[in-house]
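Please have a look at the model first.

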Amino acid sequence: MTTKREIIDQIRADYGFRADSPEPSGRLVRNFSNALQMLSTDLYNYDGHFILELIQNADDNQYAPSVTPMLNIRIDAEGITVENNEIGFTPENVQAICNLGESTKRTRKADATGEKGVGFKAVFKVSSRPEIHSNGFHFCFDTQKYGALGMVLPEWEPDSNNKNSPGITTVFLPTSPASV
């Protein structure tokens, strides 16, 4: 059985990041990074759009039948924390958020607003290192470290203590200047 950490490691390997190899480079990486850069700066002209995307994601999430959906947004000196009591990330959700233009919501058009697979990228207007903690997945994206490629390249977040409660998906947007 594949562990959640191994899923993150495999996505990184798919992007050419392996422990035994240097950072990937070349035309494809440059072009993809440029496309991500343009997407992050041109698609959303309103810096606050990220909050609408996070609310839409909560609305689109799937919930256990006995659960009343909840969304909690907390802003403090450390950043913005968004908590939701959805069923939690699946490997397919992780794969989709680590790509561009892929969405697990396309098959649920009747009950999901989002479907383009780009909405979460709006968070990079306000944070260069967003974290996701959900259903045993603990990872971040880091545009300070990886440039625009950091919008799709997950990095396992080993220090996830006190960042997530059972049955809660937490998105943490640390206060920092966006790098893209």
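## What covers helix 3

In this predicted model, the cover over the buried residues of helix 3 includes strand 1, strand 2 (79-84) and strand 6. Contact here means heavy atoms within 4.5 Å. Helices (H or I, at least four residues) and strands (E, at least two) are DSSP runs, numbered from the N terminus. The buried residues of the helix are His-49, Phe-50, Glu-53, Leu-54, Asn-57, Ala-58 and Asp-60. Buried means under 20% relative accessible area, exposed over 50%, and partly exposed in between (1.4 Å probe, protein chains only).

Residues are numbered from 1 along each chain as its sequence is written. Local features need pLDDT of at least 70 and side-chain atom pairs pLDDT 80 or more, while totals for chains, interfaces and linings use all residues, and side-chain values use heavy atoms, without hydrogens and water.

## Helix length

## Ile-55

Ile-55 also sits in helix 3 (residues 49-60), and is partly exposed at 39% relative accessible area.

## Thr-169

Thr-169 belongs to strand 6 (residues 169-174) and is buried, with a relative accessible area of 5%. Its side chain makes polar contacts with the side chains of Glu-86 (2.8 Å) and Ser-134 (2.7 Å). A polar contact is a pair of N or O atoms within 3.5 Å; within protein, one must be able to donate a hydrogen and the other to accept it, and residues adjacent in sequence count only if both atoms are side-chain atoms.
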